[in-house]
Amino acid sequence: FYVKTAQIISSRRDLFPPQYTDALSIFTDNVDPMPAPLAKAVVQSELLHAGEEFDAVFTEFDEQPLGAASVAQVHRAVLSPAYGGPREVAVKIQRPSIESKLLGDVANLKAIAKTFRDNPQL
């Protein structure tokens, strides 16, 4: 919750003073990527159909992501001829269990917003 809130504040230079947005920008820059085996396992379970093998879909898959963020990361890959390749693609992989965390974050933000809405003197 706190990291996501910091990321939101850091991206809203129109609403917050620069000293806050600059200080909180570190939360958008320093996110550790998921390990490659975990990223591949997520693709295998979430993207591929039953019986499809990872190596049959992608002839290349860069283990080092192009970018990693709090919600997902992106890997460069090349589709196999069976899937329209050789064609270079970007594979965006959502972090496991992030959806429930985000829903919890939204609930927390709603509670905070309600507090401010219900107490204009704050």
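Visitor: Which residues are linked with E60 in a network of salt bridges?

Guide: You're looking at a predicted model, where local features need pLDDT of at least 70 and side-chain atom pairs count only at pLDDT 80 or more, while totals for chains, interfaces and linings use all residues. Residues are numbered from 1 along each chain as its sequence is written, and side-chain values use heavy atoms, with hydrogens and water left out. A salt bridge puts a side-chain nitrogen of Lys or Arg within 4 Å of a carboxyl oxygen of Asp or Glu. Joined up with E60 in this network are D62, R76 and E88.

Visitor: Which helix holds K40, the partner of E63?

Guide: E63 and K40 form a salt bridge, their closest N and O atoms being 3.4 Å apart. The pair links distant parts of the chain, 23 residues apart: E63 is in the loop between β1 and β2 (67-68), while K40 is in helix α4. Helices (H or I, at least four residues) and strands (E, at least two) are DSSP runs, numbered from the N terminus. So the helix to look for is α4.

Visitor: Is E63 buried or exposed, or in between?

Guide: Buried means under 20% relative accessible area and exposed means over 50%, with partly exposed in between (1.4 Å probe, protein chains only). E63 has 48% relative accessibility, so E63 counts as partly exposed.
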